[in-house]
Amino acid sequence: MQSFSTTEVELSRAVERVVRDLFVEYGPAIHRYAARRVGPDLADDVLAETFRRVLESYERFDPTLGTYQGWLFGIATNVLHRYRRTEARRIRALARLGSQWVPTADVLQAPTSAIDAERELARVLSALEQLPVQDVDLLVLVAWERMSRAEVAEILGIPVGTVRSRLHRIRRVLDATRSAGGGGER
Amino acid sequence: MKGLRVFEMWCPEVEPLSPEAAERVWAQVVRPHTTTIEFAPIVTDPELPDVSCGGHERRGRAQRWLPVVAAATLIIGGASLNLVFLHDRPTPTVGTSVSTIGPVRTLPQQAAQPSIGEAPEWTSFPLMPIAPRYEEAAVSTNGGLFVWGGCCSDEGTPHADGAYFDGREWRVLPHAPLAQNRGDALATWTGAEIIVLNGHDGVRAASFDPQKFEWRSISPPTSRSVSNADDRLMTVDADHVVLVSPGEVQIYDIHEDHWSAPILSRNGIVPSADNRGYATVGSIVAMLHAGSGSCGDTELIVFDTATGGSWVHSLRTDGGFDPVDLAALPDGRLLALGRKCGAETGTSLGVALGIDPIAGSVTRLANPPDMAIIDRYGSLTIGNVVMYLGVHHSALLGYSAEDDKWLLGAPLVRTSSESVYDTPLMALGPDRVVVVSPGYAAAGFACCSSRAEAWTNSLPTVPYVDQGTPSSKSSDSVQG
């Protein structure tokens with residue numbers, strides 16, 4: 001029969017309490033990030049799996065090397081890779097629902113009609129499916145989660161310069177797709 | 001509209017996580033454990049609404065410290081655990097009673113690491129008579145500090161003003177003959193004046209004389225635009241300044257007020273993207289380039305402004321070298337800072353190389369801590385110590401060339417739990433550094449002051465002890 005020392009068990013409990021606090025603090029943001037990518041139902045699973053991994057690896061995290069936000073979003077991003085196909089299907093489905101897209105104030109103020117915007121969106125989404133998963137991670141973190149380049153660098157475990165260059169390439173891909181579809185710079 | 005903008009605006013709105021759902025998910029997290037710990041209901045801070053698309057989340061101070069408070073309130077037992085108390089980490093402590101038994105883990109034994117808290121703390125420097133900002137141009141002069149430009153007013157307008165610290169006090173600079181719509185300027189101290197470039201769709205150039213406290217316009221380079229994210233302005237000697245931009249190099253003759261035609265771009269030796277760091281050693285200008293874009297394909301591109309010669313060294317290490325920054329060492333070598341390819345967040349996989357820019361010979365230096373650093377401005381060298389400012393805890397990171405050792409400084413007091421981005425380091429005298437106007441990456445960095453702040457500290461002092469990471473020196477070979 002396996003036995004555990006008192007100290008080990010108490011320590012395990014203490015770690016759980018701390019991870020619970022991280023869950024309270026960062027859980028909603030991780031859930032939102034996952035929900036945008038794979039939908040609200042799977043987001044619960046992603047969140048649970050993320051914090052399971054956090055619980056397992058808490059002792060290995062060194063806060064002098066990064067932030068909790070970076071660490072947690074990094075784990076969540078890895079977990080999300082499991083749902084890559086689901087994410088692609090979701091993007092396709094949302095693209096088909098383009099007519100239900102509610103333009104933001106920015107769009108309404110821009111010299112672009114709603115129809116043009118929908119067409120542009122469809123082209124951009126088609127390009128999105130062709131991007132490597134690492135680029136999709138980066139794009140979502142920058143464009144949807146509004147992370148700074150340094151924050152994205154930490155989450156993805158790459159230098160800030162790599163974020164810049166990858167973002168540059170992504171911009172080119174997205175812009176090229178738009179141009180190929182007949183859109184021009186406005 | 002640009003494709004990226006379209007994607008931004010398409011951001012799906014999602015329902016925030018409800019307290020009930022959060023409890024359900026947490027139950028899944030701890031399912032393998034037969035815990036009896038009682039938890040309070042999860043409640044999202046009502047003052048911190050879930051961020052909507054296009055917004056930017058900021059965590060409240062109380063929320064940020066939750067883990068720390070939680071850890072501190074645990075009862076401290078008498079067990080003799082070999083835990084290392086790392087800075088800012090909510091280290092779990094041991095309780096006195098056990099009610100259940102579940103799967104447990106044993107903490108790994110770690111090598112003793114000196115605490116950053118032992119380093120001298122930052123102290124407040126006189127407030128600057130200008131608005132808070134980040135991405136500004138900032139350089140040290142002989143005992144003075146020069147700051148100009150930066151981003152942005154509450155309306156998003158770049159700053160087109162600045163200040164100069166003359167050793168006693170800050171003074172607002174007179175109006176500069178520079179582009180008023182572009183804050184991220186380049187600047188370099190020539191020994192007599194500060195040359196500043198900025199502009200988009202047309203570069204403006206000016207020189208500021210701190211003795212006369214006045215600007216004068218100078219000839220601009222031929223570049224269409226410059227920014228301190230992509231370009232670097234460096235003083236080569238008393239007569240020349242060099243502008244390194246994606247795809248080209250231009251040399252400015254200070255006395256002739258004349259820029260050379262773009263050099264090197266004709267044969268394509270200077271890449272148009274992915275330059276990670278620049279440094280000058282004597283008449284030599286060196287660029288650290290990420291190569292083809294595949295991690296580990298790094299090149300050092302060297303140009304001698306005296307002879308016009310140029311050459312390329314390929315840098316290949318086992319495990320790959322993803323470059324971050326380049327600096328000049330006092331002995332004439334270059335310090336290339338980077339990390340191993342495929343490094344995971346939270347693991348120490350920093351790599352430092354010492355490179356002879358002429359021969360191309362490469363030696364592996366002591367492993368640096370794998371801190372995210374502010375690389376927009378490169379490093380600051382004072383004496384034998386090359387320094388960087390860390391992004392997250394804003395701690396100083398220094399490399400002592402004398403004894404091949406990495407040193408850590410204290411984190412910025414005000415920002416120890418915040419992130420600081422794109423703020424330059426400046427030297428003040430032979431043993432002090434100054435950070436001006438620390439700007440947070442999130443909006444609203446000017447939360448606490450209407451004037452730009454500045455902080456000062458001595459050089460980093462706490463030795464960094466590499467704890468046997470996979471990037472240990474002995475396991476890697478280096479080819480220059």
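Over how many bridges do strand S19 and strand S20 of chain B pair, and in which sense, parallel or antiparallel? Strand S19 (residues 334-339) and strand S20 (residues 350-355) of chain B pair in the antiparallel sense over six bridges, where two strands count as paired if DSSP finds at least two bridges between them. This is a predicted model, in which local features need pLDDT of at least 70 and side-chain atom pairs count only at pLDDT 80 or more, while totals for chains, interfaces and linings use all residues. Residues are numbered from 1 along each chain as its sequence is written, chains are lettered from A and ligands numbered from 1 in the order in which they are written, and side-chain values use heavy atoms, with hydrogens and water left out.

The pair belongs to an open sheet of four strands in chain B, with the order S18-S19-S20-S21 and antiparallel pairing. Strands S18 and S21 of chain B stand at the edges with a single partner strand each, so one side of each is left without a neighbour in the sheet. From one strand to the next, the twist averages 25 degrees, an angle taken between axes that are lines fitted to C-alpha atoms, on a scale from 0 to 180 degrees between N-to-C directions. Within the sheet, Leu335(B) stands opposite Gly354(B) in S20(B).

| Strand of chain B | Residues |
|---|---|
| S18 | 322-328 |
| S19 | 334-339 |
| S20 | 350-355 |
| S21 | 362-364 |

Chain A, by contrast, has nine helices and zero strands, where helices (H or I, at least four residues) and strands (E, at least two) are DSSP runs numbered from the N terminus. Of its 186 residues, 63% count as buried, that is, under 20% relative accessible area with a 1.4 Å probe and protein chains only. Helix H3 (residues 68-80) of chain A has 13 residues and reaches 18 Å from its first C-alpha to its last, close to the 18 Å expected at 1.5 Å a residue, a span defined as 1.5 Å times one less than the number of residues. Twelve of the 13 residues of H3(A) are buried, among them Trp71(A) and Leu72(A).

The largest nonpolar core has 70 residues, and those with the most contacts inside it are Phe51(A), Trp71(A) and Phe7(B); such a core is a set of buried Ala, Val, Leu, Ile, Met, Phe, Trp, Tyr and Cys residues joined through side-chain atoms within 4.5 Å. Helix H1 (residues 6-38) of chain A gives the most to this core, with twelve residues. Not counting residues up to four places away in sequence, Phe51(A) touches several residues, including Leu72(A) and Val29(B), contact meaning heavy atoms within 4.5 Å.

Methods:
Buried means under 20% relative accessible area, exposed over 50%, partly exposed in between (1.4 Å probe, protein chains only).
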